[in-house]
Amino acid sequence: MQLNYFTKGLSTVGRWLATTLFCVSAIAFVWQGAFFSNPSAMAAPSANLIASVDTSDQVKGKANEDLNRSKNFIEDTKDKLKETANKNADRVEDATDGHGNFIERKANRDAARIEKRADEDAARTQEAVDNTKGLVEQAVDTIKDAFNN
């Protein structure tokens with residue numbers, strides 16, 4: 001049985017209405033569950049819990065731990081980059097006749113330039129990590145002071 005023009009349009013409108021009704025009821029269900037699940041917990045006096053000394057020390061300790069991991073990662077990356085640059089220069093040296101021709105000298109200059117840039121980039125990145133750690137500690141202290149007053 002084929003639908004005529006009128007029933008096709010009616011069918012399409014019906015599907016859109018059903019989909020819209022389903023979405024609206026799903027949103028209402030989620031919304032009600034999020035805002036009315038436990039209203040007494042919203043009024044609990046726990047403002048000092050977030051700014052306790054123990055919590056701020058935990059945040060600072062976590063920041064220091066992450067800082068050390070980041071610095072180790074930066075150093076490992078720098079070392080791998082230098083190792084790869086030297087390995088590539090050695091491959092060029094092995095591929096050429098080994099008498100210090102132009103290509104070999106260029107590969108060695110490139111390796112030295114890559115090592116220098118790796119050191120500079122690693123130093124800049126570690127400085128940025130240190131600055132970020134300082135900002136995190138400053139933010140924690142500011143929040144702690146705001147809740148203590």
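Visitor: Why is K78 called buried?

Guide: K78 has a relative accessibility of 15%, so K78 counts as buried. This is a predicted model, in which local features need a pLDDT of at least 70, side-chain atom pairs count only at pLDDT 80 or more, and totals for chains, interfaces and linings use all residues. Residues are numbered from 1 along each chain as its sequence is written, and side-chain values use heavy atoms, with hydrogens and water left out.

Visitor: How do you know in which helix K78 has its place?

Guide: Helices are DSSP runs of H or I with at least four residues, strands are runs of E with at least two, and both are numbered from the N terminus. K78 falls in helix 4, which covers residues 53–95. The chain has 5 helices and 0 strands, and its pattern along the sequence reads α-α-α-α-α.

Visitor: Which residues does K78 touch, not counting residues up to four places away in sequence?

Guide: K78 touches A118, D119 and A122. Each counts as a contact because heavy atoms lie within 4.5 Å. Of the contacts in the chain with a separation of 6 or more, 72% join residues 24 or more positions apart.

Visitor: Why is the pair of E65 and R69 called a salt bridge?

Guide: A salt bridge requires a side-chain nitrogen of Lys or Arg within 4 Å of a carboxyl oxygen of Asp or Glu. For E65 and R69 the distance from N to O is 2.5 Å, so the pair qualifies. Both residues lie in helix 4, 4 residues apart, about one turn of the helix. An α-helix has 3.6 residues a turn, so residues three or four places apart point the same way. At 37% relative accessible area, E65 is partly exposed.

Visitor: How many salt bridges does the rule give, and which residues are linked in a network?

Guide: The count comes to 10 salt bridges. E75, K78, K82 and D119 are linked in a network of them.

Visitor: How do you know whether K106 and D110 are buried or exposed, or in between?

Guide: K106 has 33% relative accessibility and therefore counts as partly exposed. D110, with 24%, is partly exposed too. The two lie in helix 5, 4 residues apart, and their side chains form a salt bridge of 3.1 Å, N to O.

Visitor: Why is A111 called buried?

Guide: A111 has a relative accessibility of 4%, so A111 counts as buried. A111 touches A85, N86 and A89, not counting residues up to four places away in sequence. A111 and A89 are 22 residues apart in sequence, yet their C-alpha atoms are 6.4 Å apart in space. The buried residues of helix 5 include A111, A118, A122 and V129. Across the 149 residues of the chain, 12% count as buried.

Visitor: How do you know that the span of helix 5 agrees with expectation?

Guide: The expected span is 1.5 Å times one less than the number of residues. The 47 residues of helix 5 should therefore span 69 Å, and the end C-alpha atoms are 68 Å apart, which agrees.

Visitor: Where in the chain is confidence lowest, and where is it highest?

Guide: Confidence is given as pLDDT, the predictor's confidence in each residue, from 0 to 100. It is lowest in helix 3 (residues 47–50), at a mean of 49, and highest in helix 5, at 84. The chain averages 76, and 78% of the residues score at least 70. Where pLDDT is low, the predicted coordinates should not be read in detail.

Methods. Buried means under 20% relative accessible area, exposed over 50%, partly exposed in between (1.4 Å probe, protein chains only).
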